[in-house]
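This briefing goes through selected features of one protein structure, grouped by topic. Please keep the sequence and the 3D view open while reading.

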Amino acid sequence: MVQRSVCLCDGKYIGIESIFTVIDGKQINIPDKLSALRARSRKGELFCPCGCGANLILVAGDRNLRAQHFRLKDSARQHECTAETERPHSIYSKIVLKCWLDEKLNVSDVETRVPICLVGDTARKYEFSFVSRTSKLAVSYSCNRANLSDEKMEILRANSSGIRLIYIVDALNSCGNGQYPEALMKVQERQGYCLLLDVEEMEYSTAKLSAVFYAQDCTGLWREIEFAAGALREFSISEYGRLLYQNAPLAALCEWKKSEFEREVQQEKIRREQQMKELLERPEREQKQRPKRTQTLSVRRPQNTKSERQRAMEKLVHEKEEAGRRAQKKQREEAFRQTLAEQLYQQETQVIDPDGNRWVKCRYCGRVDKTTAFSSYGGRGSVNLGTCKICDRKPVSERRFIQK
């Protein structure tokens, strides 16, 4: 954990990320910002944000997070301080976001950790991660989805005072396991989609961003559908505060992908219904064909009437038993179909139908079928996943990976 990643100066919070910017794609410290903060720390104007009244000193070296922090000026007051700790990953993310906003907005008034009371009319302790009053833009970054409460998000929205608010969540909160993504759905309901930030150390040049939305497939499982992904620097902000990916509006890309996904779900539902219908009609067709063969036999051998009656009775008994077996088999098949999606979700035991056929799911297109329709399947950690023959014939770049 990193202690005192923020200080209090002139009634404002200043995060350690405020000393970073980017010039010509290179992440650097801001000399003027460093000089001003060091001068204020020498004058005793930087204070601990916990309210203990202790003075802080800026410690900032070259690109080493351990040297980028605020420390107590008087170590004897350590026991009085109740400053909260912050995860290094959270600091890294805020540093790259500060560099991104500086580069894309091209303004000099990006403030960090701005309390809502300085923007709106509420006294609650929530804050915007970044605010640019010139661009009328604010960013709320959440390292942990547990921080995405309805109360916080509603207060942020209600107190943005005409400022466009962008929600960004750490990629560690990605939710593609089929469960309902409750926290991320709160973001999607307000923003239309979710932005997932993936940061390595605190380097802006390697930071990645993906735009996703969540929807149910035809089996009822929740899926994470990605519609834009790349380096963070490939995402930009228009003069109206709209997010763009390679100059295309994210909102438009999202709507197009949602339409495509809904069309695929409907097609898959139709295919599954047709497949089920064929399975149910097959025994009926076989049963209709059997009496014709019985009638042919009775015409060919009329000479022994008693023997024929006996055979007819035996035939009738046999057909009743066969019909009973088919009914039981139909019930087993129906029960297997109803639990097929749930069985395929776990990756520990093979899914075998009543006839002994093994079923798997394509990790790319989501097709569910017998193993004869697959080029490869199984393996450690993915017993019930595979690659269907259709996806196997496609180039890797055209495959749509839907399940890990």
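Strands E14 and E15 form a hairpin with five residues between them, and glycine 220 in the turn has a positive phi of about 95°. The model is predicted. The points below start with this hairpin, then move to other strands, a loop glutamine, a cavity and the cysteines.

- E14 covers residues 208-216 and E15 covers residues 222-231; the two strands pair in the antiparallel sense over nine bridges.
- One of the bridged pairs joins alanine 215 to arginine 223 in E15.
- Arginine 223 also has its C-alpha atom 8.7 Å from that of tyrosine 180, although 43 residues separate the two along the chain.
- Tyrosine 180 sits in the loop between strand E12 (164-170) and helix H4 (182-191).
- The relative accessibility of tyrosine 180 is 43%, so this residue counts as partly exposed.

- Which strand has five of its five residues buried? This is strand E20 (residues 358-362), which is therefore largely enclosed by the rest of the structure.
- E19 and E20 run antiparallel and are joined by two bridges.
- Isoleucine 352 has arginine 358 in E20 as its bridge partner.
- The hairpin of E19 and E20 has five residues between the strands, and glycine 356 takes a positive phi near 90° there.
- E20 also runs antiparallel to strand E21 (residues 368-370), with three bridges joining the two.
- Within this pairing, valine 360 stands opposite aspartate 369 in E21.
- E20 and E21 form a hairpin with five residues between them, and its turn holds glycine 366 with a positive phi of about 80°.
- In what sense does E20 pair with strand E23 (residues 385-388), parallel or antiparallel? The pairing of E20 with E23 is parallel and has two bridges.
- Leucine 385 in E23 is the bridge partner of lysine 361.

**Glutamine 347**

- Glutamine 347 lies in the loop between helix H7 (340-345) and strand E19 (351-352).
- Is glutamine 347 buried or exposed? Its relative accessibility is 17%, so glutamine 347 counts as buried.
- The side chain of glutamine 347 reaches the backbone oxygen of leucine 344 at 2.9 Å.
- A polar atom of the glutamine 347 side chain also lies 3.1 Å from the backbone nitrogen of valine 383.

**Sheet E16-E17-E18**

- Three strands make an open sheet in the order E16-E17-E18, with antiparallel pairing.
- Strand E16 (235-237) and strand E18 (248-249) are the edge strands, each pairing on one side only.
- E16 pairs with strand E17 (residues 243-245) in the antiparallel sense over three bridges.
- Isoleucine 237 has leucine 243 in E17 as its bridge partner.

**Cavity**

- The largest cavity holds about 50 Å³ of space.
- Its lining consists of Met276, Leu279, Leu280, Lys330, Glu333, Glu334 and Arg337.
- Helix H5 (250-300) and helix H6 (305-338) are the elements that give two or more residues to this lining.
- H6 supplies the largest share of the lining, with four residues.
- By type, the lining residues divide into three nonpolar, no polar and four charged.

**Cysteines**

- How many disulfides are there? The count comes to zero.
- Cysteine 9 is in no disulfide, and the nearest cysteine sulfur, that of cysteine 7, is 5.9 Å away.
- Cysteine 9 is buried, with a relative accessible area of 3%.
- Cysteine 50 counts as partly exposed, at 28% relative accessibility.

Note on methods
Residues are numbered from 1 along each chain as its sequence is written. This is a predicted model: local features need pLDDT of at least 70, side-chain atom pairs count only at pLDDT 80 or more; totals for chains, interfaces and linings use all residues. Side-chain values use heavy atoms; hydrogens and water are left out. Buried means under 20% relative accessible area, exposed over 50%, partly exposed in between (1.4 Å probe, protein chains only). A polar contact is a pair of N or O atoms within 3.5 Å; within protein, one must be able to donate a hydrogen and the other to accept it, and residues adjacent in sequence count only if both atoms are side-chain atoms. On a 1 Å grid over the protein atoms alone, a cavity is a set of points where a 1.4 Å probe fits but cannot get out, and a pocket is an open set with protein on both sides within 12 Å along at least five of seven lines; lining residues have an atom within 4 Å of a point. Grid points are joined across faces, edges and corners, and a volume is the space filled by probe spheres set on the points. Ala, Val, Leu, Ile, Met, Phe, Trp, Tyr, Cys and Pro count as nonpolar, Asp, Glu, Lys and Arg as charged, and the others, Gly among them, as polar. A disulfide is a pair of cysteine sulfur atoms within 2.5 Å. Two strands pair if DSSP finds at least two bridges between them.
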